[in-house]
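Student: I have not seen this structure before. Can you take me through it, one question at a time?
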Amino acid sequence: MEQPVKKPEPHDRDLHPRDRGGPAQPMLIARDIKKHFPIHAGLMNRQVAEVKAVDGVSFSVMKGETLGVVGESGCGKSTLARLLMHLMDRDSGEIILDGLAVGEYQGMPLGDLRRSMQMVFQDSYSSLNPRFTVEDSVAYGPSKQPGVSKKKAREIARDLLEKVGLRAKLFGARYPHELSGGQKQRVNIARALALDPRIVILDEAVSALDKSVEAQVLNLLNELKAQLDLTYVFISHDLHVVHYISDRVLVMYLGQVVEIGPVDKIYASPQHPYTKALLECQLSMDPNERVDQAPLAGDPPNPVNPPSGCRFHPRCPFAEDICSSKMPALGDTLRAGRDDHLTACFMAQPGSGHSKAPTQADLLKRAAAHPAPMEV
Amino acid sequence: MTDATSDPISFDQDADLPQAVVRGYWASVWNRLKYDYVTLFCLALIILIVLSAVFAPWLAPYDPEKSSMAYRLKPVGHDKYILGSDEQGRDILSRILYGGRVSLAMGILPVALGTIIGGIFGIIAGYYGGKVNMIIMRTMDVFFAFPSVLLAVAISGSLGGGIQNQLASLTIVFIPPLCRVAETAASQVRNMDFVDAARASGASTFSILKDHVLITVISPVLVYASTLVSASILLASGLSFLGLGVSPPTPDWGLMLSTLRQSIWVQPLVCAIPGIAILITSIAFNIVSDGLRVAMDVKS
Amino acid sequence: MNVMAPAAAADTLVRVQDLKVTFVSREESVSAVNGINFELKRGEVMCVIGESGSGKSVMMRSLMRLHPPKRTRIEGAMEVDGYDIQGVSEKQMRQLRGATVSMIFQEPMTALDPLYTVGEQIAETVRIHENIPQEAAMKRALELLELVRVPSPERRLKAYPHELSGGLRQRAMIAVALSCNPSLLLADEPTTALDASVQIQVLVLLRRLQKELGMSVIFVTHDLGVAAQIADKVAVMYAGRLVEYGSVQDVLLNPKHHYTKGMLASTVAEQEKGRPLGAIPGTPPDLRALPPGCSFAPRCRAAKAQCRTELPPETDTGGGHRVRCLFPL
């Protein structure tokens, strides 16, 4: 069993009864996760290409925090969610839940993972079984656990429905098609909480909802997090929502992490040009602040055969020779503390060879401005 | 908006729809079905036909196999034989009633067996995908490649006549199409988020197949199977007609049609009666299956 | 913004008066649109903002007479470019669609035919309305792809819809819609399915094209940010009624209706972290059984007894800023 070195951090929360590693042990560590999908074609069904959906992603999620994961379609964020949940086998990499490697010898059995980590899916026609009543959908998980009776599972379900703001008497016996989008999403949340997880992965959990309902559900998620002592991984393409709900943010581009750091640092001073552009793409609600020029040209590229070097370089306004030949390193996200801000861009790395890279003098200046220096 | 921060628990309640009548799935299917009078009529008709076949010994006025040289080929409305008599002087009504037993059994049993076997293979192929799917579905395709009549005749022909062999050959004919329907439905369910959610909650593959996949696959398969009942009656009749089904003295609609064929110029109406029986039964099954399809569609 | 001459009759392209759309079936009737009035000038962009089930798409589709006539009851008057939409013959309507009014959709994949190349589809639309040879039509298709700024248009002309990315498909659909120089473009959430970086490209493009071609646009969206980017006029729809109408500045910066204010408060954009969002409680009303008074009253925090019984009239609060509320903000 591996224990990554962590600097001890002050912690103000009481420990969860099922806690193992103590407050400094991250809730979840993902180390160098890879998933490539082969593409077969032709008469002989030979492999002709590979989609590098998730290509060496490492990060940790601290206990009680919300890690936001953002990126455009095709960046691999949904694949990452399914890999973390073990709904899909990863090609390589390691997932450690509260100090125990999942699914490995002497590690955590998959069944325990199921109880500790759950997922909320995007509201869509396929998120709930149309043949199950709301109560059945929520009770299904608990009823499959050893030693939980049908009756007990139903009790759990009814309690949870009340907790997510649906009166069990009124909604328990309904079918999904009798619910509005927001109500369905509450059921999805209740179902994820039915096994009393410690960490919940929310994959575009509010993206399909109307704005007024989205706000209701976000409020609910915050309430539940505090009430049930949860840790969230919040995956979304909506940067406003991620800003509101996250403590730290991870930005993905074509299967890789390009930037990770505390939400305020990322939003106030994004280091990666991709993050910068994404933030500029957020629409203002003020009609007097109109955009005349799209901040980012072109479409999100295809994850089949991604570009060499830095994967963002074909769309990057600051790309130089080095960007297409070498891949910028992100740094060790697992050793970084919760206030560290890491960027996989040559412009943020002194001596990288990029003309805009900071000099030693710049770094000293920056260190003076910010008491906690950036890791370089 | 400082006043908008009240407890989230009370959301969604006050402004909600008035409490809808909540029913179970089958109850809601019935609720839709009960306004579909054509389907209900055909359902009643099928029940009537089945009952009359079951109670044939009590209902039939004569022994269906007893011939009478004096009363050969009597017309419909004859004093003694309401529906006339055949070329051996046997009562058509009695033979239709008794013949319904074989014909209905041949309509329903092969389809039922095919549904179970094809359904299981289809669910396994659809849910597992990959190589398992390829092996099962390519095998099915081999059978599917032949026209069903040809396949039934070929299998029956090689197995020989008789009721068991007819049953076996018809079952084999119906497995591939039912397997295909089940496979399509199961492979769609496999990619649904609620199946992933069930996996994420630690449910075993068997539980998922039983609880999530089966319930979704069952309605398209049942609907399709009910359309096959009429096809099965027709195929069975065809086999009997060719002499590959039941052997002669036993009454069977297909067989009756076959033997009465020679007398078509003498008593056209009498000769048509077994055909009419087949027609009415098949149409009734078709309409009921159509009605079921509409009623079982959850979103309608 | 287009500077328009003082409102003369000829300036008005679209006039909708007391439009009501009801979907009738054996079991129930759904009142999707319940009395809408507005006028749209030439060269003006109107955004219709509403949530799912507010009737915004239904209203727009009725402008193109796309609803099945047997199951739809339409009351009121609609006039586009001088044509009475209710009164024209089916043949005339076919001519109007595409040439005078055309439409773009949320999902270009379902609006484009997967079996034909993009070029063929644009050329086909051109040839329906203009009697020109295929070659000329293809040339026009190329021009149109250039107009919507599709990179390397010659190559894209021969591409099938599935070969294009989401953003390019949306541009191709816009090219199809613009192929016959419509004076009115109806846009049904055309950017909702796109990534933010592509959405902004399409919005900038649409605004530029609208100015270049002098089109009027009715743009349906649920996203206030999109409206802020593109609209001249904003109409907020709730339960089939326009609850607020006015210039984009008036409506978004100085909302008068409690629903508009609630939408603005619940849209997540740089709110203070850790404080609950100002969500609107409850769910939209059942369109099969609308409450007698203001439809928003059951969810409104400022509602009084009067609101539940009396349907608020449209009142002008000044400068063409109209609101349907008994106690406006």
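Student: How much area is buried between chain C and chain A?
Tutor: Keep in mind that this is a predicted model. The contact draws 48 residues from chain C and 42 residues from chain A. Carbon and sulfur atoms give 55% of the buried area. The total between the two chains is about 3600 Å².

Student: Which residues of chain C lose the most area to chain A?
Tutor: Three residues lead on that side. Together they make up 17% of what the chain C side buries. They are C:Asp195, C:Val268 and C:Lys273.

Student: Now chain A. Which strands stand at the edges of its open sheet of seven strands?
Tutor: The order is β6-β7-β8-β3-β9-β10-β11, with mixed pairing. An edge strand has a single partner, so one side of it is left without a neighbour in the sheet. That applies to β6 (117-120) and β11 (342-343) of chain A.

Student: Which residue in β10(A) stands opposite A:Val251?
Tutor: Strand β9 of chain A covers residues 248-253, and strand β10 covers residues 256-262. The two run antiparallel and are joined by six bridges. Opposite A:Val251 stands A:Glu259.

Student: Helix α10 of chain A packs on the sheet. What angle does its direction make with that of β9(A)?
Tutor: This helix spans residues 273-280. It touches β9 and β10 of chain A. Its direction makes an angle with that of β9(A) of about 105 degrees.

Student: And helix α7 of chain A: at what angle does it run to β8(A)?
Tutor: Helix α7 takes in residues 211-228. It lies across β3 (66-70), β7 (199-203) and β8 (231-236) of chain A. To β8(A) it runs at about 160 degrees.

Student: On to chain B. Are α10(B) and α11(B) roughly parallel or roughly antiparallel?
Tutor: Helix α10 (residues 253-260) and helix α11 (residues 268-296) of chain B have axes 8 Å apart. They pack at an angle of about 150 degrees. Angles over 145 degrees count as roughly antiparallel. So the term for α10(B) and α11(B) is roughly antiparallel.

Student: How many residues of that contact of α10(B) with α11(B) are charged?
Tutor: From α10(B) come B:Trp253 and B:Leu257, among others, and from α11(B) residues including B:Val270 and B:Ile278. The contact divides into nine nonpolar and three polar residues.

Student: In chain C, which residue of β4(C) is the bridge partner of C:Gln17?
Tutor: Strand β1 (residues 12-24) and strand β4 (residues 72-80) of chain C run antiparallel. Eight bridges join them. The bridge partner of C:Gln17 is C:Ala77.

Student: Which residue takes a positive phi in the hairpin of β4(C) and β5(C)?
Tutor: Two bridges join β4(C) to strand β5 (residues 83-84), and the two run antiparallel. C:Glu79 stands opposite C:Asp84 there. The hairpin has two residues between the strands. The positive phi, near 55 degrees, belongs to C:Asp81.

Student: Last pair. Is the crossing of α5(C) and α7(C) left-handed or right-handed?
Tutor: Helix α5 (residues 134-147) and helix α7 (residues 166-178) of chain C pack at about 125 degrees, with axes 9 Å apart. That makes α5(C) oblique to α7(C). C:Leu144 is one of the α5(C) residues in the contact, and C:Ala175 one of those in α7(C). The crossing is right-handed.

Technical notes
Residues numbered from 1 in each chain as written. Chains lettered and ligands numbered in written order. Predicted model: local features only at pLDDT ≥ 70, side-chain atom pairs only at ≥ 80, totals over all residues. Heavy atoms only, no water. Pairing = 2+ DSSP bridges. Helix = DSSP H or I, 4+ residues; strand = E, 2+ residues; numbered from the N terminus. Contact = heavy atoms within 4.5 Å. Axes fitted to C-alpha atoms, helices over the stretch in contact; angles between N-to-C directions. Parallel < 35°, antiparallel > 145°, perpendicular 65-115°, else oblique. Nonpolar A, V, L, I, M, F, W, Y, C, P; charged D, E, K, R; others polar. Buried area = accessible area lost by both parts, 1.4 Å probe. Left-handed = near helix turned anticlockwise from the far one by under 90°.
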